[in-house]
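Work through the exercises below with the coordinates open. Each task is followed by a solution in steps.

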2 protein chains.
Amino acid sequence: MTAGARRRPGVSMADVARVAGVSAQTVSRVSNGHPGVVEATRRQVLDAMQQLGYRPNSAARALKRGEFRTLGVILFTLATTGNSRTVEAIAGHAAREGYAITLIPVAVPTQDGVLGAFTRLGELAVDGVIVIMEVHLLDAADLTLPPGVQVVVVDSDAGERYPVVDTDQADGARQATEHLLGLGHPTVWHVTGPAESFASERRAHAWRSTLEAAGRPVPPVQRGDWSAESGYRAGLVLAGEPSCTAVFAANDQMALGVMRAFHERGRTIPGNVSVVGFDDLPDSGAFFPPLTTIHQDFAEVGRRCVDGLLRQLRHEPGHAGTELVPTRLVIRGSTAPPPG
Amino acid sequence: MTAGARRRPGVSMADVARVAGVSAQTVSRVSNGHPGVVEATRRQVLDAMQQLGYRPNSAARALKRGEFRTLGVILFTLATTGNSRTVEAIAGHAAREGYAITLIPVAVPTQDGVLGAFTRLGELAVDGVIVIMEVHLLDAADLTLPPGVQVVVVDSDAGERYPVVDTDQADGARQATEHLLGLGHPTVWHVTGPAESFASERRAHAWRSTLEAAGRPVPPVQRGDWSAESGYRAGLVLAGEPSCTAVFAANDQMALGVMRAFHERGRTIPGNVSVVGFDDLPDSGAFFPPLTTIHQDFAEVGRRCVDGLLRQLRHEPGHAGTELVPTRLVIRGSTAPPPG
DNA sequence: GGGCGTGATGTTAACGTAAACATGGCTTCC
DNA sequence: GGAAGCCATGTTTACGTTAACATCACGCCC
């Protein structure tokens, strides 16, 4: 370990300036890469910084500049693939733009929970906020945030009040359903996600309208909770329906459970039954059989969130309403024409 | 640059003080819940705050107090279950302790990449850092961090230089291997993770020593990269080995791929072959068949990281060396005695 | 009844940085 | 040769908050 660099007392610009034999302002200029510092001086300052182990004090810097170069991300959980992939994309893209990410987890998905997060957030050093709001708030019809905070919302229906970025859920569900109809299946059964999820609601709605538009019967919905286990339970029910030859599960995990149920009941996939998922998890291609699914572009969602928020912060003309990120059908081994 | 005229509404304590007819110091006292403010005054100040939409400036506060109440988390990716679950636990526990989390993604796992992150981090508002270091640095034998930064490391071998928290990889691998031997299998084949991963290395080592301690032959290792796809490829090889009746895959995803390969080759699980994974993903119980695996307690890992770091920040006697979080075997449907 | 604690509130200064302005030496050009 | 300009660097000040100290009114006790 370098000895001279004990940083307990906080090395400041003044200290560096003293050692380098220049003024604090010159240290500031070097520190920020401003022009107009002669090379020899620059080197002296850099040496002094090195020697003292100087690191700029970001609090003072933020105080002076009036910005933190940090974005807050409010979310309920990182446990879902969608959220963690989106957050990763947000963090990566923000870093590229010179912004850091502060995570603000909300324990309970209620208006109070979110407001509590904002209160803490008010005391946090953030310039703007991205809210990843994948479920309906339990105690409020819509989301109301404190004024004076720049916001972008992911995956919500707050589009009239805040800029929203979302995967095009409806089009994805339509593609999935039409793919199965196109293979010749008379209709498509659906395993839906939890009622409080926006994404789940939209996928189910689009599945239904696609069937109706094609003049097909709409079978009863099986409700799951995104987990593979719930998909398994739904699959056991569907395996008992002799007329069921095609299933659209609202996510890949439930599709995994559905397929397990069919395996256990001796129904082959895709020989007897076809299955389509939604998400395109990294492992979906290794399911048994490899899963046909709808690919979501989480990286693009994250990128657009950051861009939208930064545009707001710079007072550039931002997009209003909802921005939809397209999905695409990935055909693998779990779908085929119906038996017979 | 953009015209500096447009700043945030910028309500400061002075503004609140003016409206409430008190001094800024009294506003500060109310803001921080300090005693010695009479109720009537307190109310006046709170009203003024409400009216003006005052939010404390955390930069000024941090500058004055010398702390940010924020912890940085340096990581390479959120895409692995382990990392995202650990980060979620860290964020939750930190929030409970009144700390926020700043994410610092590192694009490339090299010494330079990490140092780059620290440079950015030096300019970030953090009091300490948790490094989630699941792979060997590509260009340095071990991790060297700038001095003067409080650090806790997850999942690494830096134990002699920094406090480390990690899952007890070796004991988990031992449990997995002994479970299979205990069922009567003559030996256990292993699908390992990427060479640069610490966890992978340790699991493989413990698997090997467990076999050796039991006097069993050590079959050649199949190397994967954590992905289900790589597990599938390894599984195809193993399915060609008639003597292979038991497989320990270094994570659940690869176990998923291994099982798919066996299914495709007509080897039943657990009738012909037993499979054990590592991680206990939320979906592992819904694999076909439900996977016997080693459960990792990511929440506990996160909690201990935060506790350890906060102890350091408070200059309390911290633990040195490596703290191991125990694992436990979860027996499901993918393991049984060998055929015959 | 005067000295004196006590408790509420105000005043001052400082945290580390960077914008704005000031200085002073050196070149350039007529 | 001297005014003008320019460049490198220095000085001043303010950002919003809070610790430390200062003040002031009131009541209490001998």
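**Exercise 1: DNA strand D**

A base nitrogen of DNA strand D is 2.9 Å from an N or O atom in the side chain of A:Arg29. The model is a predicted one.

Task: Find which residues are closest to DNA strand D, and describe the surface near DNA strand D by class.

Solution. 

Step 1. Collect the neighbours. DNA strand D is surrounded by 23 residues, and the closest are A:Val38, A:Thr41, B:Met13, B:Gln25 and B:Tyr54. Of the atoms of DNA strand D that come within 4 Å of the protein, sugar and phosphate account for 59%.

Step 2. List polar contacts to the phosphates. A:Thr41 has a polar side-chain atom 2.3 Å from a phosphate oxygen of DNA strand D. For B:Asn32, a polar side-chain atom is 3.1 Å from a phosphate oxygen of DNA strand D.

Step 3. Assign the surface to elements. Helices H2 (24-31) and H4 (58-65) of chain A, and helices H2 (24-31) and H4 (58-65) of chain B, each supply at least two residues of the surface near DNA strand D.

Step 4. Sort by class. The surface near DNA strand D has eleven polar, eight nonpolar and four charged residues.

**Exercise 2: DNA strand C**

Task: Repeat the analysis for DNA strand C, and state which element gives the most to the surface near DNA strand C.

Solution. 

Step 1. Collect the neighbours. 25 residues surround DNA strand C, with A:Met13, A:Gln25, A:Tyr54, B:Ser23 and B:Thr41 the closest. Sugar and phosphate make up 57% of the atoms of DNA strand C that come within 4 Å of the protein.

Step 2. List polar contacts. On the base side, a polar side-chain atom of A:Gln25 is 2.6 Å from a base nitrogen of DNA strand C. On the phosphate side, an N or O atom in the side chain of A:Asn32 lies 3.1 Å from a phosphate oxygen of DNA strand C. A:Asn57 uses a backbone N or O atom, 3.1 Å from a phosphate oxygen of DNA strand C.

Step 3. Assign the surface to elements. H4(A) gives the most, with five residues.

Step 4. Sort by class. The surface near DNA strand C has eleven polar, nine nonpolar and five charged residues.

**Exercise 3: Relation of the two chains**

Task: What rotation and shift superpose chain B on chain A?

Solution. 

Step 1. Superpose the copies. A rotation of 180° with a shift of 0.2 Å along its axis brings chain B onto chain A, with an RMSD of 0.4 Å.

Step 2. Name the relation. This is the relation of a two-fold axis.

Step 3. B:Thr102 comes closest to the rotation axis of the residues of chain B, at 2.0 Å (C-alpha).

Step 4. Compare the contact surfaces. The same surface serves both copies, since 94% of the contact residues of chain B recur in chain A.

**Exercise 4: Two sheets**

Task: Give the strand order of the sheet of twelve strands and of the sheet of four strands, and identify the edge strands of each.

Solution. 

Step 1. Trace the sheet of twelve strands. This open sheet has mixed pairing and the order S11(A)-S5(A)-S4(A)-S3(A)-S1(A)-S2(A)-S2(B)-S1(B)-S3(B)-S4(B)-S5(B)-S11(B). Strand S11 (322-325) of chain A and strand S11 (322-325) of chain B are the edge strands, each pairing on one side only. Neighbouring strands of this sheet are turned by 25° against each other on average, direction ignored.

Step 2. Check one pair in detail. Strands S3 (residues 128-132) and S4 (residues 151-154) of chain A run parallel and are joined by four bridges. A:Ile130 stands opposite A:Val152 in S4(A).

Step 3. Trace the sheet of four strands. The order in this open sheet of chain A is S7-S6-S8-S9, with parallel pairing. Strands S7 (222-223) and S9 (274-276) of chain A each have a single partner strand, so one side of each is left without a neighbour in the sheet.

Technical notes: Residues numbered from 1 in each chain as written. Chains lettered and ligands numbered in written order. Predicted model: local features only at pLDDT ≥ 70, side-chain atom pairs only at ≥ 80, totals over all residues. Heavy atoms only, no water. Pairing = 2+ DSSP bridges. Near = heavy atom within 4 Å. Polar contact = N/O pair within 3.5 Å; in protein donor to acceptor, adjacent residues only side chain to side chain. Nonpolar A, V, L, I, M, F, W, Y, C, P; charged D, E, K, R; others polar. Least-squares fit on C-alpha atoms with pLDDT ≥ 70 in both. Contact = heavy atoms within 4.5 Å. Axes fitted to C-alpha atoms, helices over the stretch in contact; angles between N-to-C directions.
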